[in-house]
Amino acid sequence: MSISNAQATPSIQICRIMRPDDANIVGNVHGGTILKMIEEAGCIIGTRHCNTQNGDRCVAALARVERTDFLHPMFIGEVAHVSAEITYTSKHSVEVQVNVLSENIVTGAKKLTNKATLWYVPLSLQNVAKIIEVPPIEYSSPEQEEAGKKRYEAQKFERIETKERNGEIIMSVSIPEPYSVAFSQSSLIHLVGPSDCTLHGFVHGGVTMKLMDEVAGIVAARHCKTNIVTASVDAINFHRKIKKGCVITVSGRMTFTSNKSMEIEVFVDADPLVEAEKGKYRAVTAFFTYISLDKENKPLSVPPLKLEGEEEQKRFEEGKARYLQNKTKRLADKGHQQ
């Protein structure tokens, strides 16, 4: 494509004030929040540039991020200024340079917090397997273009080398037997932030229960491989409060299956990061019951749980007792209503 069709170097800037949800308990903005803003700016400018020519509409897909250094911390209340500029284009890829500045809106002071280089490839919206050609840009000098070409070749070589080194094969590991307790057990780890808490700095019960239901749902789905829904929740016991700044681990395991239902035991363990000497503690426990549904949302039979060892057998019998007790109660309630 001739240079006469090239365009001036595209650039954009996006700004956003940092809020409590963006930061940790002491007010430092999470690195992940900044990385997300960097990628958003890169995606916007890459997509916008690649759609300046006639032909397939496309979206810029992230292919690589070079090393990103966090030069200075950013804090709640500061404004993040994210500037993105396309600095090189090959036939099928776009290099985007991104700078992030933090602005203290009270003093007006600004600091450079991040510099990053991202590479994108444009994928056709009609066929996401198709990579389309990139419109060229104008360079201020031949030297600038040559430097960009060297960066392109270097990253291309490293990506190929990495792919060859890692290979396409995931090393096999010992996988538990399907339908066993170990096969479906799952965990989530969550850092308790300000938005999770009451004004007194303790986690909302609803936040905890939502995470517990998510884990129980993962366990049920792994066991059945079907659509699953929550049928009931036994008493949820909040043994100890969870404070802001704790890391909580929400773990679930299958304890009992009937023909049409599954019981999952869920634990919430809290680990204080700041007051580490207090140690990890069990904060919440509960039993969730799920059912499996077909495509018409009708109940499906649940695969029987395969038990291994006396402990799993004991938990199964205890779950069966709860199941029969709840079933008797439901039938009694139904009789009273008639």
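Let's start with Val 100, which touches Ile 34, Ile 38, Met 74, His 81, Val 82, Lys 111, Leu 112, Thr 113 and Asn 114, leaving out residues up to four places away in sequence. By touching, or contact, I mean heavy atoms within 4.5 Å.

Quick housekeeping before I go on. This is a predicted model, where local features need pLDDT of at least 70 and side-chain atom pairs count only at pLDDT 80 or more, while totals for chains, interfaces and linings use all residues. Numbering runs from 1 along each chain as its sequence is written, and side-chain values use heavy atoms, with hydrogens and water left out.

Back to Val 100, then. You'll find Val 100 in strand 5, residues 94-103. Helices (H or I, at least four residues) and strands (E, at least two) are DSSP runs, numbered from the N terminus. Is Val 100 buried or exposed? It's buried, with a relative accessible area of 0%. The cut-offs there are under 20% relative accessible area for buried, over 50% for exposed, and partly exposed in between, using a 1.4 Å probe and protein chains only. One of those contacts, Thr 113, is 13 residues from Val 100 in sequence, yet the two C-alpha atoms are 5.6 Å apart.

Now the cores. In soluble globular proteins, nonpolar side chains tend to be buried together. What I call a nonpolar core is a set of buried Ala, Val, Leu, Ile, Met, Phe, Trp, Tyr and Cys residues joined through side-chain atoms within 4.5 Å. The largest one here has 32 residues, and those with the most contacts inside it are Met 212, Ile 242, Ile 248, Val 250, Met 262, Ile 264 and Tyr 290. Which elements give two or more residues to this core? They are helix 4 (205-224), strand 10 (246-257), strand 11 (262-272) and strand 12 (281-293). Helix 4 supplies the largest share of this core, seven residues. Apart from this core lies another, of 30 residues, and that's where Val 100 comes back in, along with Tyr 88, Ala 116 and Tyr 152 among others.

Next, strand 10. Eleven of the twelve residues in strand 10 are buried. On one pairing, strand 10 runs antiparallel to strand 7 (residues 186-191) over six bridges, with Ser 187 bridged to Ser 251 in strand 10. Strand 10 also pairs antiparallel with strand 11, over eleven bridges, and a hairpin of four residues joins these two. For pairing, DSSP has to find at least two bridges between the strands.

Cys 246 stands opposite Pro 272 in strand 11. Pro 272 counts as buried at 8% relative accessibility. Besides Cys 246, Pro 272 touches Gly 279 and Tyr 281, not counting residues up to four places away in sequence.

Last, the annotations. Which residues does UniProt list for "active site"? The unreviewed entry gives Asn 24 and Asp 213; UniProt positions are in the numbering used here, feature names are shortened, and annotations may be inferred rather than shown by experiment. The two span 190 residues in sequence and their C-alpha atoms are 24.6 Å apart, so they do not gather at one spot. Asn 24 sits in the loop between strand 1 (11-17) and helix 1 (31-50), and is partly exposed, with a relative accessible area of 24%. Asp 213 belongs to helix 4 and is partly exposed too, at 27% relative accessibility. Not counting residues up to four places away in sequence, Asp 213 touches Thr 230, Phe 288 and Tyr 290.
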